[in-house]
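Let's take a walk through this one together. Have the sequence and the 3D view open, and we'll go piece by piece.

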Amino acid sequence: MHALATHSKNNHPHLRPIGMPCGWIEVVVGSMFSGKSQELIRRVRLAGIARQKVQTFNSALDTRYGKNHIISHDQVKVPSFAAKTAKEILQNVEEDTQVVGIDEVHFFGEAIVGVCETLADQGRRVIAAGLDQDYKGEPFVATSRLMAVSEFVTKNLAICIVCGNPANRSQRLSHTRKRISVGAADKYEARCRRCFQR
Ligand SMILES: [Zn+2]
């Protein structure tokens, strides 16, 4: 970052000098059904097309689609390593990996923030997707902190299933009180702030 700010010879200080790898963090947040995983998958696939070395991780807690891949709601699939902890992600990123995708970051707790920062500090591009709010509309601390330290934030909105307005909340339809309850269309609905019921 230092080199690009001041001593650029070409009068384009925003251009990264060749041979100076600088990582960064991109965060994609939103409610259920806002297309977060789809956006993560789109970005990692584009990197793959550009022949960059990509590794994708998801949480072992996310059992929706089986292990070893992530799938968006529209059934696009990419290979993925199911990690039990944030640390396990760090341990499994290979030396020459340039792009690290992590889905459902809120499952990993606050430890995921340090892991993403370490990977970016090593010069890698980190793409992290996850819920920003739980089923009560309370922010997830891990996602909030990641948004604060990241370079890029994309906030996706779904469409409220009740009224059709932009939706940023995930309405839980079952009665479980667990903060994390894995599921999709059978357990949650996207709702706007007016239609969301706490
Ligand atoms: Zn609504």
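Predicted model: local features only at pLDDT ≥ 70, side-chain atom pairs only at ≥ 80, totals over all residues.

## A strand to start with

The partner of β12 is strand β11 (residues 169-172): the two pair in the antiparallel sense, over four bridges.

## The overall layout

Now zoom out. The protein chain holds five helices and 12 strands. Of its 198 residues, 35% count as buried. Take the contacts between residues at least 6 apart in sequence: 71% of them join residues at least 24 apart.

## The six-stranded sheet

Six strands form an open sheet with parallel pairing, and their order is β5-β2-β6-β7-β1-β8. At the edges sit β5 (81-83) and β8 (152-156), each pairing on one side only. On average, neighbouring strands here are turned by 20° against each other, direction ignored.

Inside this sheet, β6 and β7 run parallel and are joined by four bridges. Val 100 is the residue opposite Val 126 in β7. Helix α2 packs on the sheet and touches β1, β2, β6, β7 and β8, with its direction at about 165° to that of β7. Helix α4 lies across β1, β6 and β7, and runs at about 160° to β7.

In soluble globular proteins, nonpolar side chains tend to be buried together. The largest nonpolar core here has 34 residues, and the members that touch the most others are Val 105, Ile 112, Cys 116, Val 126, Ala 128 and Leu 146. Several elements each supply at least two residues, among them β1 (24-30), α2 (36-49), β7 (125-131) and α5 (141-149). The largest share, six residues, comes from α4.

Setting aside residues up to four places away in sequence, Val 126 touches Gly 23, Ile 25, Glu 26, Val 100, Cys 116, Leu 119 and Ala 120. There is also a second, separate core of eight residues, which includes Ala 158, Cys 160, Tyr 188 and Ala 190.

## Two helices side by side

How are α4 and α5 turned relative to each other? They pack at an angle of about 30°, with their axes 8 Å apart. An angle under 35 degrees counts as roughly parallel, so α4 and α5 are roughly parallel to each other. Their crossing is right-handed.

On the α4 side, the contact is made by Ile 112, Val 113, Cys 116 and Glu 117. Ala 142, Arg 145, Leu 146 and Val 149 make it from α5.

## A loop residue: Thr 85

Last stop: Thr 85, in the loop between β5 and α3.

Leaving aside neighbours within four places in sequence, Thr 85 is in contact with Phe 108 and Ala 111. Ala 60 is 25 residues away from Thr 85 along the chain, and the C-alpha atoms of the two are separated by 8.3 Å.

Key. Residues numbered from 1 in each chain as written. Core = buried A, V, L, I, M, F, W, Y, C linked by C-beta atoms within 7 Å. Buried ≥ 20, exposed ≤ 12 C-beta atoms within 10 Å, placed from the backbone. Contact = placed C-beta atoms within 7 Å. Pairing = 2+ DSSP bridges. Axes fitted to C-alpha atoms, helices over the stretch in contact; angles between N-to-C directions. Parallel < 35°, antiparallel > 145°, perpendicular 65-115°, else oblique. Left-handed = near helix turned anticlockwise from the far one by under 90°.
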